[in-house]
Amino acid sequence: MKWAWPSCSTHLAGALLAAIGVWLLWPVVAVAQSPWGRDYWPNVTLTTHDDRQVKFYDDVLRGKIVVVNFIFTNCGDVCPLDTAQLKRVQELIGDHAGRDVTFYSISVDPENDTPKAMRAFMKKFDIKVGWTFLTGRPDDITLIQRKFGLEPAGDKPTAHSTTIILANEATGQYVKRSPYDNPQMLANVLTGQLNPKGRGSGSRLSYADAVAVATDESAQMFRTRCATCHTIGSGDGLGPDLLMVSSRRSPEWLARFIREPDKMLAEKDETAMAMLPNFRNLAMPNLKLSEQNVVDLIAFIDVESRKAMEARAAAQHGEHHHR
Amino acid sequence: MSTFGNCARVLLAGGAAIWVGSTALAQTSLEARKYNIPTGMDGSPLFAAQPFTQKMLMFEEFGTKPVPTEECTNCKVVVAPSDCNKSMSPDKIDTAIKQRLFPLPTREANLSRPNPWQTKIGECLGWQLKTSYIEGRPPGEMYAHQRYDEFAPKVYFQSVQSGARTNTGLRDSMQLHGYKVGEFAPGGLYHNTASGSGFGGSTNGIAIRMHPKMPVQDANSVWTFDGTLPPKLLMARVGEPILFRHFNGLPINVAANNGFGHHLITTHEHNGHNPAESDGFTGAYFYPGQYYDYRWPMQLAGRDSENVNATDPRAGMPDGAGGVIKIRGDWRETESTHWFHDHMIDYTAQNVYKGNAAMMNYYSAVDRGREGLKCHYADPANANLCLPSGTGLDWGNRDYDVNLLIADKAWDSKGQLAFNIFNKDGFLGDQMTVNWAWKPYMDVRARKYRLRLLNGSVSRYFKIAIVTDKGVRVPFHMIANDGNIMEHAVPFPNAESKDLPTQAIAERFDIIVDFSKYPVGTKLYFVNTLEHRDGAGPKEEIPLNEILSGKYKGDPAVGKFMEFRVQAYTGQDLSMNPADYVEGKKKMIPLPKIPAADLAKAKRRTFEFGRSGGTDETPWTIKTDGGDGLSADIQRVSAAPQMGAWEIWRIESNSGGWSHPVHIHFEEGQILTRDGRPPPIWERYARKDVYRVGPEPNSSAVVEVAIRFREFAGSYVEHCHNTQHEDHAMLLRWDILNPGQTVAIPTPEGGWEGMFYEPSYVLPTWRTGRGTGPTPASTTTNATTTTTTTTR
């Protein structure tokens, strides 16, 4: 353990809760109350992307189902993916977003992440409702990370924890997941397990439907790494539609761009630079994929493109036929 | 805050404000603070309790009954609690457990009735369920009981997982000994079940508390089987299929947990040769009000290929009348000491710590729990090893055969069990308990005993020494490792270790101690010598003399934690002498031999446990077969062995300084090598299901295991049994495929309204692993020489 757990505060929280929440009221009112409440969380002041001052416990956490992650807007690789992933999760939970699930991204680089910088970042990702970006005093943000049981980034934002926290403060539930989890599973946790009023939002296949479905790793790779920004034949998203992309770009260019887009942009690659303005200048992050990953992904995109084209042809043929 | 003036705020150089507890209530010194034990909280107050002043609780048997053949006509479904924040009420639990099995079990999940708590659940949640089901098992064929007619359950037991309450003696009459036999009879050492009077021949009145001077646990601080102590034990016979109906009687309000634990549960029978639907898959959880039928076939592995005519007298179960009912399968696969515990995704550590853990003893022709009956030591043609147990019953004597669940715990200033849910490196308690009793004593006869030690901690490893009150080491033998009787007994001290080897979470060591070597009145002690500073893994072994002299003041869980008091014995010890079974002498249960030709063509898989990803501080991951470092995703199938063939699984720790006890479900394996060398003597003759990797004593960075999968199929997991690591993603799913199966089965996913499915997907290497044949010279993580046939 490189750091000392704020030892007594936990105990204090437990003791306080026991005193207030259980021992005085119980058995008159048997209120189930989490010890991970007001007395556990630091109620420090943070600044939102729209320049509001908020209290971490009172305004950010209390009584809410939340998604919390830590980012910095100059982050080259994982954070943009995290953000894109969470955006996908937000889409999947539909109208829960902003209604009963709130997203927070807290900066671990508060010196640079001014509200203005955060607003610019949000604009790139086209983030609108139910998602607040937060910055604040470095010590306060360090403390918040520790309270979540995450290793604080210190003065090296690149070393920050990418863990995504899914929580319901009211029920005292805190689940830690990876940004590479299937967004649908994260959505299910938010709308099901964490939400006492929630029915869940899974694909809810019956047994009979489920046995027919099985996919392989490249499909999953696409779903967790690519589908947050790209479709294959359903139009542009945060990034371009990849339908038949192999026929539009040379194999070398495509493989390299998927592998190290950051380097190609740094080298001012003409094709890459030309795309940027069409996508709010949102640069594709380096996803740290292996060469084999890239080969598999391109093969997957090719197969799915062919399927999409066939489906289009069949649809057109059908229309024609009906006429 | 001012009312809590016993805390002083200290500002550290790093700028973070931290609280330091006073020593007035919390009996830990500032010195101990650098140890971060208990993890993230103050030391547990002792309420003036003194060590070794309370009697240890002996496990209480669930007791089994024959499965009824006709539906009960006047039985009732379980009754919802009146309060959303409470477990099912104690009297209703007793009624439910006493009642006959109702409704009758079904092959596929029973979806014919609603969750009997449906109305109350709607009221508590504030919305009415559109659908609900009485059984929480995922629907359809995929989670139907495999080979159900063949292994139809013969006996059953049922329990309600619920909040702490006082035992009503509900199971007194279900004990095999009935408090009338041997040491459990009046006048015997164990007739009285607890300290104090009024516990003769009954557990009625036993409350859940760590010590008589400590507070009774609140109903939502401890959740366990029946909601009661003593901890529970299943007495099972090899070859006799069992049905366990596990009711979820926990509070409907998920927040009613006193700070930790989840009301969704799934029950894993650790190392059972069980089909996947009854293995307690981490995603196959069930809800308050529901039950889940676990059907454990209790078959010997190799049933389909070895001893198929059931002629071998060593493969069988006690018949209750001095004989053996012979069964099919390989008698060398006989298992003995198991446990079952919760396996809820994200919450395993919290739920097990909170009390969702029981033990299970398998009784068989070779391990009958009956000494002096057709003993192997008298005639090599006899199967019965006559391990220390007793003589009063035909099988399952526990007079001199004692289950010990050893676990570290911590509690808050009110004495209520406490847990830090945020720490992801591991959680340590500062107090040692045995069978939930804080530092107990146990009376023993001056004769040989079999002690079955289970490490039931969340993150703490033990190294246990046995010493006299003079501090002299007591010699003993280990006879079973991970609950499987070894080929040879291993004497301790030995050249490789003076004391028991490191015992990680979930490892079981069965030992034989001969108390007859000590005069009546002697006191002997279990001493934990393995120091932790934090939950990441053990630090170092502390010399015994430093501990016993009081010089060592570090980890508060290092030191004496259990006392044995030697009492006079007038009976005749008819148990085997383990010294006759050491290396070079007689064999207990020989290891199944692996033909060299099979090893040469064995499929190889590698699993690297560590941290990896995009940044330095990254989540726990496992790299399978040289692929990417991945965190848990129960939709992903990482490996899919075919039934029947041997495979070689290589487990590595690639995270310097971190220890991981890796558990593979379903099947035990044989350790071939540790860091390329033969394993130590206690693993050389053993079948294991927990494989330690890491820098701790008696371990290595790499372990190679030979393993094979037979008889059953479906989704299983492999994971780090430091359950905090497991809950933070160090888990992977692997499936056993039926012959001809090409598509991975779907992944269960649930809600109050029922279990559904999500699609599954597979790693490119799921079938092929890293190829076959000898170990590749290169073991680097990015080796690309492996077969990567895609699966489409």
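The model is predicted: local features need pLDDT of at least 70, side-chain atom pairs count only at pLDDT 80 or more, and totals for chains, interfaces and linings use all residues. Residues are numbered from 1 along each chain as its sequence is written, while chains are lettered from A and ligands numbered from 1 in the order in which they are written.

Start with chain A. Its secondary structure comes to 13 helices and eight strands. Helices (H or I, at least four residues) and strands (E, at least two) are DSSP runs, numbered from the N terminus. Of the 323 residues in chain A, 46% are buried. Buried means that 20 or more other C-beta atoms, placed from the backbone, lie within 10 Å of the residue's own.

Chain A is divided into domain 1 (1-40), domain 2 (41-193) and domain 3 (217-322). These bounds come from an automatic or database domain assignment. The C-alpha centres of domains 2 and 3 of chain A lie 28 Å apart. Across this boundary, 14 residues of domain 2 of chain A are in contact with 14 residues of domain 3 of chain A. Contact means C-beta atoms, placed from the backbone, within 7 Å. On the domain 2 side, helix H3 (78-92) and helix H4 (115-124) of chain A each supply at least two residues. H3(A) gives the largest share, six residues.

Now look at helix H6 (residues 183-193) of chain A. Nine of its eleven residues are buried, so H6(A) is largely enclosed by the rest of the structure. Among them are A:Met185, A:Leu186 and A:Leu190.

A nonpolar core is a set of buried Ala, Val, Leu, Ile, Met, Phe, Trp, Tyr and Cys residues joined through C-beta atoms within 7 Å. The largest one has 266 residues, and those with the most contacts inside it include A:Val67, A:Leu190 and B:Ile479. A:Val67 touches, among others, A:Leu86, A:Phe103 and A:Leu190. A second, separate core of five residues includes A:Leu81 and A:Cys226.

Turn to chain B. Seven strands form an open sheet in the order E17-E16-E15-E19-E23-E21-E22, with mixed pairing. Strands E17 (437-438) and E22 (484-492) of chain B stand at the edges, each with a single partner strand, so one side of each has no neighbour in the sheet. Two strands pair if DSSP finds at least two bridges between them. Strand E21 (residues 476-481) of chain B and E22(B) pair in the antiparallel sense over five bridges. There, B:Asn481 stands opposite B:Asn484 in E22(B).

Definitions and conventions: Buried ≥ 20, exposed ≤ 12 C-beta atoms within 10 Å, placed from the backbone. Contact = placed C-beta atoms within 7 Å. Lists of a residue's contacts leave out its neighbours within four places in sequence.
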